[in-house]
Amino acid sequence: MVDGVVLVQAAIGGSPLADCLAEPQSCPPPPVLLRVAGHLIRTRYREGLLSKRTAEARRVFEGALGEARGKLDAASFSKLSGRIFYVRSRQDPERMSRRARIVARYLGSLSDDLNDGILTLDAQKLDGVGTDLGEVLSAAHTDLVCSGFGVTRKGRRYREAFTLQMLKALAARSRLGGS
């Protein structure tokens, strides 16, 4: 049985960056690094949510959310919602690795919303379900989910410390009577 779900920098709201990688003709020309990444996504991950347009990805998750609301009574849906947590992040591109900085700046040119180098803040949660635990202000997307390839300046210990602190915060919330 699953007691709760923590979505760290979840791409559930789609991404303007994914839109441009999936359909490059619809966006300003990206840097070479992103053109290569876009080609890989279009050829290898064609069926994944990352390859869907932002509006389509949001519709997929909102449709599933609507279906759950229709099948559950209000109290059950509220209980389910109380077990979903979002951890969002953003980072100043100047504090990112060189490779991540290229992506973050390009994403910044596509959207006015703050971003973590891969996703905008708004795309990292769905309204109407779950608890937004807030932003990890000094973390790029790659800092919390990647290692190697020169895409992050953070090491394994940073990710382990983040995970430990997040679990402590959730445990404390549970002891204090949170859902």
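A helix here is a DSSP run of H or I at least four residues long, and helices are numbered from the N terminus. With that in hand, you can find Phe 162: it lies in helix α7, which covers residues 156–175. Keep in mind as you look around that this is a predicted model.

Let's step back and take in the whole protein. Its secondary structure comes to seven helices and three strands.

Confidence is lowest in helix α2 (residues 32–44), where the mean is 63, and highest in helix α4 (residues 74–81), where it is 88.

Next, head for the inside. The largest nonpolar core has eight residues: Ala 10, Ile 12, Leu 65, Phe 77, Ile 84, Tyr 86, Leu 126 and Val 129. There's also a second, separate core of seven residues, and among them are Val 87, Ala 139, Leu 144 and Leu 170.

Pick out Val 129 from the largest core. What does Val 129 touch, once its neighbours within four places in sequence are left aside? Its contacts are Leu 65, Phe 77, Ser 81, Ile 84 and Tyr 86. Ser 81 counts as buried because its relative accessibility is 12%, and buried means under 20%. Not counting residues up to four places away in sequence, Ser 81 touches Gly 128, Val 129, Gly 130 and Thr 131.

Two or more lining residues come from each of α3, α4 and β2 (84–89). Helix α3 gives the most, with four residues. Which classes of residue line this pocket? The lining has 12 nonpolar residues, with no polar and no charged ones.

While you're at helix α3, which spans residues 54–71, look for Val 60. Val 60 counts as partly exposed because its relative accessibility is 40%. Count along the sequence and Val 60 is 48 residues from Ile 12, yet their C-alpha atoms are 8.7 Å apart in space.

Leu 121 sits in the one between α5 (98–110) and β3 (131–136). Is Leu 121 buried or exposed? Leu 121 counts as buried, since its relative accessibility is 6%. Leaving aside its neighbours within four places in sequence, Leu 121 is in contact with Arg 88, Ser 89, Arg 90, Asp 113, Leu 114 and Glu 135. Take Ser 89: it is 32 residues from Leu 121 along the chain, and 6.7 Å separates the two C-alpha atoms.

Finally, back to Phe 162 in helix α7. With a relative accessible area of 16%, Phe 162 is buried. Between Phe 162 and Ala 139 there are 10.0 Å from C-alpha to C-alpha, and the two are 23 residues apart in sequence.

Methods:
Residues are numbered from 1 along each chain as its sequence is written. This is a predicted model: local features need pLDDT of at least 70, side-chain atom pairs count only at pLDDT 80 or more; totals for chains, interfaces and linings use all residues. Side-chain values use heavy atoms; hydrogens and water are left out. Buried means under 20% relative accessible area, exposed over 50%, partly exposed in between (1.4 Å probe, protein chains only). pLDDT is the predictor's confidence in each residue, from 0 to 100. A nonpolar core is a set of buried Ala, Val, Leu, Ile, Met, Phe, Trp, Tyr and Cys residues joined through side-chain atoms within 4.5 Å. Contact means heavy atoms within 4.5 Å. Ala, Val, Leu, Ile, Met, Phe, Trp, Tyr, Cys and Pro count as nonpolar, Asp, Glu, Lys and Arg as charged, and the others, Gly among them, as polar.
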